[in-house]
Amino acid sequence: MIAIVDNSIEPEIYDPVGHWRPWLDVPWRAFTARLGEFPDPAEFSHIILTGSEASILERDPWVDSEARLVREAADSGTAILGSCWGHQLIAYALAGQGCVGRCPRPEIGWIGVRVERTDDLLGPAGTIHHAFSVHFDEVYDLPASFDVLASTDACRVQAFRVGDRPVWGLQSHPEI
């Protein structure tokens, strides 16, 4: 079963669960982070951490609870996929505050993402994926335990995997 952690602040404006729903043909359950709702990783095989209108740099109290969830789930071997803000949260939770910051140049719209390293999630190196992106914060300076999988000219860490763990972050929004 998949847990979707909905990180939206204004669900009337941004509905990430609604965007993910058509792509999921397995049982799933949504949790609302801003309300303090989080899954028990032991009850789910996969966790999706959605994007957010929030900044990873200006954290509300619920963010630290979600960071603890990420650490617990990663340590237990639960598969995790974070998109946009969720990608940044994984980096913050597993690599520290120094690995997230403001973008020198935000990416907004459809962009070409270069796969730099072959991985099951994105396919072979050299591939270009067109993805929707809206971000003002980004991930950078990851430790060696993270493998950078994809980049753009404006954002060096468009995608990563945490070593050989089933933990991935994507700066773009694959659900859109």
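Buried means under 20% relative accessible area, exposed over 50% and partly exposed in between, with a 1.4 Å probe and protein chains only. The model is predicted: local features need pLDDT of at least 70, side-chain atom pairs count only at pLDDT 80 or more, and totals for chains, interfaces and linings use all residues. Residues are numbered from 1 along each chain as its sequence is written, and side-chain values use heavy atoms, with hydrogens and water left out.

View A. A disulfide is a pair of cysteine sulfur atoms within 2.5 Å; a search of the whole structure finds 0. The closest cysteine sulfur to that of Cys103 belongs to Cys155, at 6.1 Å, which is too far for a bond. Cys103 is buried at 11% relative accessibility, and Cys155 is buried at 0%.

**View B. Cys84, a non-glycine residue with positive phi.** Its phi is about 55 degrees. Cys84 sits in the loop between β4 (79-83) and α3 (85-95), where helices (H or I, at least four residues) and strands (E, at least two) are DSSP runs numbered from the N terminus. Cys84 is buried, with a relative accessible area of 5%.

**View C. Asp141, another residue other than glycine with positive phi.** Phi is near 50 degrees in Asp141. The loop between β6 (128-139) and β7 (146-151) holds Asp141. Asp141 is exposed, with a relative accessible area of 61%.

**View D. Phe136 in strand β6.** Phe136 is partly exposed, with a relative accessible area of 47%.
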